[in-house]
Amino acid sequence: MTGKNKFGKDDATAASSAQVRRRQAEARMLKKAALSPENIETLSPEATRQLLHELRVHQIELEMQNEELRESQAALAVVQARYFDLYDLAPVGYCTVSEQGMIVQANLTAASLLGVARGALVNKPLSQFIARADQDPYYLHRRKLLETGEPQSCELRMVKNGGTQFWAHLAVTAAQDAGGGPELRVVLSDISERKRTELAAARLATIVNSSDDAVISQDLRGIVISWNHGAEKIFGYPASEIIGKSIALLIPPEHQEEESEILGRIVRGASVQHFDTVRRKKDGSIIDVDITVSPIRDEAGSIVGASKVARDVTERKWLDRMLQENNAALERARSAADKANRAKSEFLSSMSHELRTPLNAILGFTQLIESSSPSPTPAQQRSIDQILKAGWYLLTLINEILDLALIESGKLSLIMEPVSLIEVVDECKSLIELQAKQHDISLAFSPIKIPCLVSGSHTRIKQCLINLLSNAIKYNKAGGTVTVSCIASGPGRIRICVEDTGAGLTAAKLMQLFEPFNRLGNEAGAQEGTGIGLVMTKRLVEMMGGAIGVDSTVGVGSVFWIELDLAAEPQPAAVADTPTAVAQVETDAKLHTLLYVEDNLANLMLVEEIIARRPDIRLLNAFDGIRAVDMARESLPDVILMDVALPGISGVHALGLLREDPATAHIPVIALSANAMPHDIEMGLEAGFFRYLTKPIKVNEFMDTLDSVLKHAATQAARNAKQERT
């Protein structure tokens, strides 16, 4: 674009004229410059006046030239500002593309849409930013434009510099470059939002048309506007035959008033109406339908019609009637059943609820993990499969156990093996701690100082201990204590005792303690139960060759105990010299202590499984921040692994308490949290966590971090010891 100056010349012409005059004036000055000061003194007055006149003319010409240049520069600045507003700040992208498809020029909007700096777009092929699948249409349109000169437009997917795709509309026109050669003017618009809307509308139309339900729309007069395939199948009318006709074709006369009333509610502003009624098909037959009616509004928000979703429920209605008749028959049969059978059914129902509730959580959460995103790794999937397999098997086992005949027959088979009592007790402790905390009960597990292998089934021993511990917690007093201890009870026998501080049992209740279904008067209490747990425990213990008993004092508490036979220590297999040396090194290695603070039992069990592979690490755990601080002060672990979101006080608060105490300030604390956003990690590190790991746990990364922190802790401990000696 060019401007005009006050002399009527355009800027380029004015500049050219000024340059000619400047050269002429300079030539005259050079000619005059040949005069020396001595020659000037010899000039006549007339020559002197002539010289002065020419100098004044030259000065005026120069001033005029300067003025023209200033005006040209001002006009150019205006043009540039207008160009910047119209081109660079346009709401759409502009690109000038060469005949070969290279970007010659682009505005700021185009650079922003393509995610590239404006200068970096020059000499880049426009096709570089077009999705590979859409490049052929682009080339065809470009070739047609160059051949015919007719403007072209197309919609295609483009790719930003970072790889993100978006839908764009390209309008391309032909132009000429400075040399007269062909070039393209491309207008680029982002139409992603429109495409998403169109895609959603198309998807909705597909869903509606493929639905087995009838989806119908009508105006306020009852004239059918739309009719999907589901409506054709249900009512027998093809769309071509019913659209434009009255919906009254489907409504029996006795239901016309009902239809008018429903439509009236919609017109008066009711959002959705749902009702059951009947409709008449094309062949004249009457069917039961379930209908949902919603208002249709125009752009101004006025109600202009109604949308109806109708479902044929004729078969369901028939089945409902049959079901009601069958239920009535079953109810009569149940009323005539024997009292003993009724009691057995009630028992089975109660036990099913008690046992299925925790199993539902196990299987439910495991299936959630199985369907989570990202998908589990093959190793994790195998573990999940094992959990699900074991869970479903346990459900089958529960159903079998709940069979009263099986309970009374004692036909349950057990696999006897040497079982580590320490491991079983530790597992029971982990499983029961949360229940104890919820009931405000303190747990005390005395160290086992006698031989630890007993003869029995690992699963059944744990089941028996869990049952005794659960009862000791449930029937304890608020703020009470449960104490677990092991003592030798005779040659080759060990007794595990579970002592509570509950109300105790009278002699009469002790005599009824192991009777099936007898809850000793607690049937109306708040504690759930069926009265079968102790019976099952007694049977299982006796099947393993053991014994069970109880000592109780009213007002003091009870001690339930089981006795089991000790098992012989397994004979170690012969090993070569080198493995022996390795085992010795492992035995002599320093045992590190890791305190894990976590209130989620599943997370705790996962870390326990990981740490179980490290014989050089002893794992302690706490369920809340306050307990963690107390345990850290008491045991001074080498490393603390802490969840951030904890009950009571947060992990960050607990970290602050540890840092304030000189006894625990040196202990490195690793955060292990599901809060994995960058700002969460940054805030955690700023709070003072030594490392910040996120869930889900990456086992290798977790192990590497743990080794690194343990090494750091050992180095720091050595440095502190050296400083103390000096």
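Predicted model: local features only at pLDDT ≥ 70, side-chain atom pairs only at ≥ 80, totals over all residues.
Three bridges join strand E6 to strand E7 (residues 224-227), and the two strands run antiparallel. Strands here are DSSP runs of type E with at least two residues, helices are runs of H or I with at least four, and both are numbered from the N terminus. Two strands count as paired if DSSP finds at least two bridges between them.

Residues are numbered from 1 along each chain as its sequence is written, and side-chain values use heavy atoms, with hydrogens and water left out.

The chain holds 24 helices and 22 strands. Of its 726 residues, 35% are buried; buried means under 20% relative accessible area, exposed means over 50%, and partly exposed lies in between, with a 1.4 Å probe and protein chains only.

Let us return to E6. Why is E6 described as largely enclosed by the rest of the structure? Six of the six residues of this strand (residues 214-219) are buried, and therefore the description applies.

I turn now to two loops. Most residues other than glycine have a negative phi. Asp440, in contrast, has a positive phi near 55°, and this residue lies in the loop between helix H15 (421-438) and strand E12 (442-445). Leu636 also has a positive phi, near 45°. Its place is in the loop between helix H21 (625-635) and strand E20 (639-642). Because its relative accessibility is 45%, Leu636 counts as partly exposed.

Next, the interior. A nonpolar core is a set of buried Ala, Val, Leu, Ile, Met, Phe, Trp, Tyr and Cys residues joined through side-chain atoms within 4.5 Å. Which members of the largest core, with its 35 residues, touch the most other members? They are Leu421, Ile461, Leu465 and Ile496. Among the elements that give two or more residues to this core are H15, helix H16 (458-474) and strand E15 (493-500). H16 gives the most, with seven residues. Leaving out residues up to four places away in sequence, Leu465 touches Val424, Val425, Cys428, Ile496 and Ile562, where contact means heavy atoms within 4.5 Å. A second, separate core has 25 residues, including Leu121, Ile130, Leu170 and Val186.

One further residue deserves mention. Ser420 is found in strand E11 (residues 417-420). With a relative accessible area of 18%, Ser420 is buried. Neighbours within four places in sequence aside, Ser420 is in contact with Cys452 and Leu453.

Finally, contacts across the chain as a whole. Of the contacts with a separation of 6 or more, 55% are between residues 24 or more positions apart.
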